[in-house]
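This briefing is meant to be read beside the sequence and the coordinates.

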Amino acid sequence: MTTVHEPTATTETATSAELSVWPASTTEPRHGDLAVGGVPLAEIADRFGTPVYVLDETEVRDRCRTYRDAFPDTEVLYAAKAFLCRAMTHWVEEEGLGLDVCSAGELELAVTTGFPPDRITLHGNAKSPHDLEAALRLGVGRIVIDSPSEIARLAAAVGPGGHQKVMVRVVPGITAGGHEKIRTGTDDQKFGLSISDGYAQHAIARILDQPQLELTGLHCHLGSQITSVKPYLAAVRRMVGLMARLHEQHGLILPELDLGGGHGIAYRPGEPALDLTSLARKVRTELADACAAAGLPVPCLIIEPGRAIVGPAGIALYHVLSVKRTGSHTYVAVDGGMSDNPRPALYGVRYAPRLIGRHSTGTPARVTVVGRHCEAGDVLAADVELPGDVRPGDLLAVPVAGAYHLSMASGYNLVGRPPVAAVRDGLARLLVRRESLEDIRSRDVGL
């Protein structure tokens with residue numbers, strides 16, 4: 001986010017730098033233990049079992065407010081794909097943010113929780129008929145068109161007497177993001193319509209021929225884990241350039257411009273994060289200058305943060321099952337793994353786990369924290385420092401676990417997905433219960 005949150009209380013065993021990626025409410029009430037939201041993490045593990053995700057409600061709300069303060073004239077949509085549950089939907093709505101969803105499932109969960117559908121935008125590179133039917137039935141605010149085939153399908157679903165606001169996802173041809181698998185602003189990938197080959201312009205012309213579809217603006221998303229402001233400024237220039245050409249060709253003035261999200265956060269102490277204050281100031285200036293040069297009014301800006309709101313608010317807790325020394329390597333195996341966090345296997349993401357629940361005097365040692373699943377790639381944290389006396393039964397906490405953990409969790413090895421507990425003001429409560437063997441059995445309906 002914009003600034004590093006300093007924990008409100010530490011001792012010499014947990015420095016401010018070490019806790020810089022933890023929620024602002026993190027304290028160390030006694031040597032070797034940490035509390036978040038006033039609740040000791042060891043107590044949460046005892047109460048709910050492990051693995052378990054812990055979510056600091058105050059941290060989520062504070063990060064929503066940070067975005068509102070940094071972008072006062074901007075529509076901020078929380079990207080639900082990062083993490084969604086009914087409580088998260090409620091917090092986001094109360095803090096004044098809109099919502100960006102990618103499926104009928106995310107959409108219906110939000111609306112049935114009470115989120116206003118007109119403040120929801122539906123995305124997706126391959127929307128199913130069910131996705132579009134749900135969006136129209138529930139009255140979603142905008143639908144972002146991602147391919148030419150969606151235009152006719154959506155127009156037919158809306159019907160001649162209907163009306164639906166739409167945007168077009170444009171590929172601006174900009175390389176940005178922390179890993180090649182999460183870079184979405186470049187040509188030759190599955191998302192959006194390219195400016196360079198004319199597909200975006202052609203799709204826009206087709207939309208303008210559909211009177212039941214109201215084109216409100218352009219959308220782009222450059223990728224994820226972007227820590228520099230420069231790619232966003234380049235995107236503004238290219239998007240305004242396209243808006244200027246559309247004005248020349250069709251007399252079209254679009255009132256909205258969506259720059260997506262992808263705002264990078266630090267997963268380990270010392271890593272860079274996107275400076276929101278700088279982003280807001282420079283994007284606002286760039287947009288005003290580009291529109292002035294093109295003779296266009298400045299459109300309403302829309303952004304879609306997800307990870308940057310919920311990621312640093314989450315912690316994953318695991319119990320150590322075994323410690324194995326093989327050659328020069330020490331493997332610390334825990335009771336979770338790639339089924340509750342596939343990101344290290346997918347993107348090579350690196351975390352900073354910490355021993356909690358007891359005060360260790362062991363000399364720090366380099367270890368690799370691995371999961372319990374039947375894959376050599378089931379590694380949660382490679383070559384990290386933990387006390388040399390780490391042993392079975394110990395409790396490990398992994399910070400920055402709020403985004404793309406539960407939302408990407410799988411049923412691999414039928415271990416069941418972990419629960420989510422929220423903490424606030426010294427109290428912990430269950431938001432999402434653990435997936436049980438009965439849950440798994442009940443879906444298996446045939447022999």
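**Enclosed spaces and their surroundings**

The largest cavity has a volume of about 90 Å³, in what is a predicted model. A search of the whole structure finds 5 cavities of 30 Å³ or more, and the second largest cavity holds about 70 Å³ of space.

**The largest cavity**

- The lining of the largest cavity is made up of 13 residues, and those that lie nearest its centre are G262, E304, G306, R307 and Y404.
- Sorted by class, this lining of the largest cavity has 4 nonpolar, 6 polar and 3 charged residues.
- Y404, one of the residues nearest the centre of the largest cavity, is placed in the loop between strand 18 (395–399) and strand 19.
- Is Y404 buried or exposed? With a relative accessible area of 13%, Y404 is buried, because the cut-off for a buried residue is under 20%.

**The second largest cavity**

- The second largest cavity is lined by 14 residues, of which Y53, L55, F83, A401 and G402 are the closest to its centre.
- Strand 3 (52–56) and strand 13 (314–326) each supply at least two residues of the lining of the second largest cavity, and the largest share, 3 residues, comes from strand 3.
- By class, the lining of the second largest cavity divides into 10 nonpolar residues, 4 polar residues and no charged residues.

**Helix 6**

- Helix 6 spans residues 148–158, and its buried residues are E150, I151, L154, A155 and V158.
- Seen down the axis of helix 6, these buried residues fall within an arc of 125°, so they line one face of the helix.
- An α-helix has 3.6 residues a turn, so residues three or four places apart point the same way.
- The elements that cover the buried residues of helix 6 include helix 5 (129–138), strand 7 (142–145), strand 8 (164–171), helix 7 (199–208) and strand 10 (213–219).
- After helix 6 comes G159, which has a positive phi near 85°.

- In helix 1, which covers residues 41–48, the buried residues are L41, A42, I44, A45 and F48.
- Viewed down the axis of helix 1, the buried residues fall within an arc of 160°, so they too line one face of the helix.
- D46 and R47 are exposed residues carried on the face of helix 1 that is turned away from its buried side.
- Just after helix 1, G49 takes a positive phi of about 80°.
- The peptide bond that joins T50 and P51 is cis, with omega about -5°, and P51 is found in the loop between helix 1 and strand 3.

**L55 and the strands around it**

- L55 belongs to strand 3 and counts as buried, at 4% relative accessibility.
- Leaving aside residues up to four places away in sequence, which residues does L55 touch? They are V60, F83, W91, V310, A313, G314, V420, A421, A422 and V423.
- Strand 3 and strand 19 run parallel and are joined by 4 bridges, and within this pairing V54 stands opposite A421 of strand 19.
- Strand 19 (residues 420–424) is mostly covered, since 4 of its 5 residues are buried.
- Strand 19 also pairs with strand 20 (residues 427–432), in the antiparallel sense and over 5 bridges, and here R424 has L427 in strand 20 as its bridge partner.
- Strand 19 and strand 20 form a hairpin with 2 residues between them.

- Most residues other than glycine have a negative phi, and most peptide bonds are trans.
- Y404 has a phi near 60°, a positive value in a residue other than glycine.
- D425 is not a glycine either, yet its phi is positive, at about 50°; D425 is found in the loop between strand 19 and strand 20, in the turn of their hairpin.
- With a relative accessible area of 65%, D425 is exposed, whereas Y404 is buried.

Definitions and conventions: Residues numbered from 1 in each chain as written. Predicted model: local features only at pLDDT ≥ 70, side-chain atom pairs only at ≥ 80, totals over all residues. Heavy atoms only, no water. Buried < 20%, exposed > 50% of the residue type's maximum accessible area, 1.4 Å probe, protein only. Arc of directions from axis to C-beta. Contact = heavy atoms within 4.5 Å. 1 Å grid on protein atoms, 1.4 Å probe; cavity = no way out; pocket = protein on both sides within 12 Å on 5 of 7 lines; lining within 4 Å. Points joined across faces, edges and corners; volume = space filled by probe spheres on them. Nonpolar A, V, L, I, M, F, W, Y, C, P; charged D, E, K, R; others polar. Pairing = 2+ DSSP bridges.
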